[in-house]
Amino acid sequence: MFTSTAYSGFSVDDAASAREFYSKVLGLEVTDGAMDGILTLHLPGGADVLVYAKGDAHTPASFTILNFPVGDVEAAVAELRSRGVTFEHYEGTEMETDEQGVFRRGGPPIAWFTDPAGNVLSVLQES
């Protein structure tokens, strides 16, 4: 039925800002798609994710669209902070994070941040 590898995708408001963030800040390989405003993120492990610009029609995902497993969440948070990333703090909720922005109450330690379009991403510690 399906003839090739499936892939995921999400929207952003501005492709140039997305390219800058995903390539320079996160260090991912990013290539241009066949049409203007379309990018492909090449993730560690071989998966590709389509990113497409929707301009003013973009609505940020309020859920985590990409999780990046890391060996040490605290080191990853520190490294990303040094690159200008701000981590989300969910004070007073069941997902309350500590002063570093790391959730540590159940499951692997995880820290959430957003891309320039407001989409939620995370780094989470592999066990």
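Glu 74, Asp 98 and Arg 104 are joined in a network of salt bridges. The model is predicted, and a search of the whole structure gives four salt bridges. The count of aromatic pairs comes to five. A UniProt entry, unreviewed, places the feature "domain: VOC" at residues 4-126.

**The annotated span**

- Over residues 4-126 the chain is 33% strand and 17% helix.

- Glu 74 forms a salt bridge with Arg 104, and the closest N and O atoms are 2.9 Å apart.
- Glu 74 belongs to helix α2 (residues 73-82), while Arg 104 sits in the loop between β6 (102-103) and β7 (110-114), so this pair ties together parts that are 30 residues apart in sequence.
- Arg 104 also takes part in a salt bridge with Asp 98, where the closest N and O atoms are 2.5 Å apart.
- Asp 98 has a relative accessible area of 18% and is buried, because the cut-off for buried is under 20%.
- Glu 74 is partly exposed, at a relative accessible area of 37%.
- Arg 104 likewise counts as partly exposed, with 37% relative accessibility.

**The salt bridge of Arg 83 and Glu 79**

- The side chains of Arg 83 and Glu 79 meet in a salt bridge, with 2.8 Å from N to O.
- Arg 83 has a relative accessible area of 39% and is partly exposed.
- Glu 79 counts as partly exposed at 38% relative accessibility.

**Helix α1**

- Helix α1 covers residues 15-25, and its buried residues include Ala 15, Ala 18, Phe 21, Tyr 22 and Val 25.
- Viewed down the axis of α1, the buried residues fall within an arc of 155 degrees, so they line one face of the helix.
- Ala 16 and Lys 24, on the other side of α1, are exposed.
- Just after α1 comes Gly 27, which takes a positive phi of about 75 degrees.

**Aromatic pairs and cluster**

- Among the five aromatic pairs is that of Phe 21 and Tyr 22, with ring centres 5.1 Å apart.
- The planes of Phe 21 and Tyr 22 stand at 90 degrees, and the pair is edge-to-face, because planes over 60 degrees apart count as such.
- Tyr 22 is buried, with a relative accessible area of 0%.
- Phe 21 counts as buried at 9% relative accessibility.
- The rings of Phe 103 and Trp 112 form another of the pairs, with centres 6.1 Å apart and planes at 45 degrees, so this pair is tilted.
- Phe 103 and Trp 112 are both buried.
- Phe 21 and Tyr 22 also belong to one aromatic cluster with Phe 10.

**Points that connect the topics**

- Phe 21 and Tyr 22 are among the buried residues of α1, and they form the edge-to-face pair described above.
- Arg 104 bridges to Glu 74 and to Asp 98; Glu 74 is partly exposed, whereas Asp 98 is buried.

Note on methods: Residues numbered from 1 in each chain as written. Predicted model: local features only at pLDDT ≥ 70, side-chain atom pairs only at ≥ 80, totals over all residues. Heavy atoms only, no water. UniProt positions renumbered as here; feature names shortened; annotations may be inferred. Helix = DSSP H or I, 4+ residues; strand = E, 2+ residues; numbered from the N terminus. Buried < 20%, exposed > 50% of the residue type's maximum accessible area, 1.4 Å probe, protein only. Arc of directions from axis to C-beta. Phe/Tyr/Trp six-rings, centres within 6.5 Å; stacked < 30°, edge-to-face > 60°.
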